Amino acid sequence: MQNMLTLISNVFRLGNASKNVGAQAVSELLIGLSKYVDLTAPPAPATPRQPPLPPGTRMVVSARSFADFTPQASFPIKKCDLHRLEEGPSDEALLTREQGLQYYRTMQTVRRMELKADQLYKQKIIRGFCHLYDGQEACAMGIEAGINPTDHLITAYRAHGYTFTRGVAVREILAELTGRRGGVAKGKGGSMHMYAKNFYGGNGIVGAQVPLGAGVALACQYQGNNQVCVTLYGDGAANQGQIFESFNMAALWKLPCIFICENNKFGMGTSVERSSASTDYYKRGDYIPGLKVDGMDVLCVREAIRFAADYCRAGKGPIVMELETYRYHGHSMSDPGVSYRTREEIQEVRTKNDPISMLKERMLSNNMSSVEELKEIDLEIRKVIEDAAQYAISDPEPSLDELCNHIYARDPPMEVRGTNPWVKLKSVS
Amino acid sequence: MASLRSFLRSGKTFVILFVVTSCASVFQVNVRDALNQAMDEELERDERVFLLGEEVAQYDGAYKVSRGLWKKYGDKRIIDTPITEMGFAGIAVGAAFAGLRPICEFMTWNFSMQAIDQVINSAAKTYYMSAGFQTVPIVFRGPNGSSAGVAAQHSQCFAAWYGHCPGLKVVSPWNSEDARGLLKAAIRDDNPVVFLENEMMYGVPFELSEEMMHKDFVIPIGKAKVERQGTHITLVSHSRCVGFCLDAAAVLAKEGVECEVVNLRTIRPLDVDTIEASVMKTGNLVTVEGGWPQYGVGAEICARIMEGPAFNYLDAPAVRVTGVDIPMPYAKILEDHSVPQIKDIIFSVKKVLNM
């Protein structure tokens with residue numbers, strides 16, 4: 001209590017003190033007060049209810065300035081299980097306010113984008129394969145936070161999250177899902193075949209992306225550019241022979257490849273216990289060091305990938321990571337996802353372990369943001385997603401002239417046989 | 001002077017015989033050396049080019065096609081791989097994604113079946129799926145088709161299998177000129193190229209002109225060559241069988257039948273125009289290949305002739321000479337009767353011409 005009085009009197013004693021000192025004093029007061037009062041609670045019921053604002057309205061957050069927020073904080077994170085490593089990533093992660101907001105925005109965008117894709121699929125505006133990533137956002141965000149844009153990444157078919165974190169706009173992703181000409185692959189690739197600079201998809205054949213990723217790492221080593229390649233695969237793919245072939249060559253040649261198993265506990269409908277004699281996926285690299293990471297904690301993922309990237313860049317060779325994560329949707333849109341797991345299990349993860357909630361909790365309880373500010377971000381994201389969806393629905397389908405293009409690169413135009421001998425179609429590079 | 005130049009260019013471990021003709025120098029180069037020189041020159045020309053495969057480096061190549069290259073270019077550019085086709089083919093494709101220009105050797109094309117998903121789904125289709133964003137400048141090469149006494153699992157011809165797939169270029173050289181020009185073209189091509197060699201041709205020498213020995217000599221992919229002009233019938237073939245067609249043509253010429261021999265050089269894209277022009281000239285067609293008949297290269301050529309303008313010029317149905325529709329047996333007498341021989345070509349020509 002004495003302490004509180006000191007804090008309060010500090011504020012009143014400001015007078016001609018500098019803005020920063022004043023801000024600091026107020027911050028300290030608020031932190032102090034937060035021990036007694038939950039400052040993040042919604043307004044008291046006695047306050048008259050305001051009518052709902054039109055969507056997208058910019059709100060003045062509050063009379064408080066941004067200087068009121070904690071600029072950064074350190075968070076303890078779960079220690080990683082290690083395989084053939086003396087030490088692992090730090091068990092503490094520093095998060096700045098800017099980073100926190102950026103991670104929140106990105107993860108929330110991925111979440112809402114995937115939910116919008118779900119909606120569009122059920123309206124039959126998206127067709128074919130659609131493997132949704134909601135629940136696993138911390139993996140994509142954490143990885144992107146820990147590597148450089150000049151590093152490389154390749155993943156399997158649950159790729160929308162990575163497509164976004166690697167730089168493709170939401171509207172181009174959704175328009176690709178709806179098969180329109182504005183899609184990132186002009187509507188010719190679909191859900192599983194989206195590409196961007198230093199992002200090699202999006203791959204439909206389970207496990208095939210792993211040797212590809214090792215090959216990208218070989219190119220990095222060959223070119224001496226100090227870049228690494230993050231190569232992702234799932235718990236279902238982890239038993240593929242070509243992954244072990246890749247492990248062997250990557251270790252033999254010390255390729256700067258970070259092999260990451262996103263273990264969401266199910267390969268389609270088969271739980272890990274039913275598919276794998278060993279479910280310690282971080283140990284499956286055998287002679288390759290490995291670490292097991294809490295994939296629901298974006299800070300844990302970020303620290304781990306930083307550690308792994310440093311390891312590779314030091315020329316020590318490949319490393320294996322297992323991210324323990326969870327998908328809320330079924331394997332794909334054709335799988336309700338409840339025949340092989342219980343709704344209770346899904347609900348439990350949502351309430352206790354959601355990656356976005358975890359970050360939000362951390363930021364709010366350390367005064368790095370406010371409920372209003374995060375709500376504002378949510379509204380902005382909602383608008384972005386709505387606009388993107390509108391674009392994806394209204395953009396025209398590819399022209400039929402496009403049908404036979406992009407067979408060969410940098411070649412003169414050629415003729416392609418159509419469905420019958422009289423149909424001769426044109427193909428340009 | 002010419003011998004000195006070729007000696008310097010080709011490396012130290014073999015001697016090239018050269019014959020100076022009255023007007024220009026020609027070089028006797030066997031197919032193996034033609035491939036070796038082509039790779040050497042392309043490795044030198046572009047540092048993004050590298051070779052990987054089983055035994056390509058320190059062993060000098062299972063069939064010595066890459067002899068001397070490791071000694072010259074070292075571990076970084078000539079890479080021995082473990083016996084893991086799916087893995088190293090995928091690694092090669094990934095390296096191509098990220099800007100390198102790999103040559104991926106399969107010890108024989110039979111082993112490519114281990115890796116065929118990487119060739120088709122990761123290499124061939126990617127440029128299309130990415131709507132032109134991601135190129136895959138890779139060459140897959142190795143000996144294809146029947147050899148001598150290697151039996152069923154080591155004797156299959158994959159021209160039809162890979163020729164089936166859009167996005168791939170599939171090339172099948174016959175002689176040293178083909179081998180040299182097409183391999184250089186394949187390495188310089190920004191698309192995935194399946195390069196089907198033939199083990200029995202490796203040791204066969206051919207004459208190469210000075211022009212062909214130039215370091216920028218390339219043969220365009222997708223263009224067939226008329227190896228022999230003729231008037232009575234067109235023989236279309238690829239790889240080793242081109243030689244058999246020429247031999248059959250020589251025998252038939254004595255009986256007054258002049259065969260036009262077309263060397264496809266490229267399986268995909270198929271040069272239908274050259275075949276059609278020839279058939280429209282001769283009025284008769286026999287295709288000759290080492291592979292199995294069902295759904296094969298010859299079947300495709302016949303279908304295209306049916307569908308195109310040349311059909312009206314045919315005086316008789318087009319027929320195919322192919323390998324026998326069985327897995328390759330081991331015993332010499334059986335093996336000899338499993339592959340098209342010169343007498344089979346002569347017999348078919350006479351049947352078509354109603355002789």
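Predicted model: local features only at pLDDT ≥ 70, side-chain atom pairs only at ≥ 80, totals over all residues.

Trainee: Which residues of the pair Y133(A) and Y162(A) are buried?

Mentor: Both Y133(A) and Y162(A) are, so each has a relative accessible area under 20%.

Trainee: Why is the pair of Y133(A) and Y162(A) called edge-to-face?

Mentor: The ring centres are 5.4 Å apart, with 65° between the planes.

Trainee: What makes Y133(A) and Y162(A) a tie between parts of the chain?

Mentor: Y133(A) sits in the loop between α3 and α4 of chain A, while Y162(A) belongs to helix α5, so the pair joins parts 29 residues apart in sequence.

Trainee: And why is the pair of F106(B) and F140(B) called stacked?

Mentor: Here the planes are at 5° and the centres 5.9 Å apart. Stacked means planes under 30 degrees apart, so this pair qualifies. Both of these Phe residues, F106(B) and F140(B), are buried too.

Trainee: Which cluster do F106(B) and F140(B) belong to?

Mentor: One linked by ring pairs, whose members include F88(B), W109(B) and W161(B).

Trainee: How do you know that the charged end of K76(B) sits over the ring of Y222(A)?

Mentor: The charged end of K76(B) is 4.5 Å from the ring centre of Y222(A). The limit is 6 Å, along with an angle within 35 degrees of the ring normal, so being listed as over the ring implies that both tests are passed.

Technical notes:
Residues numbered from 1 in each chain as written. Chains lettered and ligands numbered in written order. Heavy atoms only, no water. Phe/Tyr/Trp six-rings, centres within 6.5 Å; stacked < 30°, edge-to-face > 60°. Helix = DSSP H or I, 4+ residues; strand = E, 2+ residues; numbered from the N terminus. Buried < 20%, exposed > 50% of the residue type's maximum accessible area, 1.4 Å probe, protein only.
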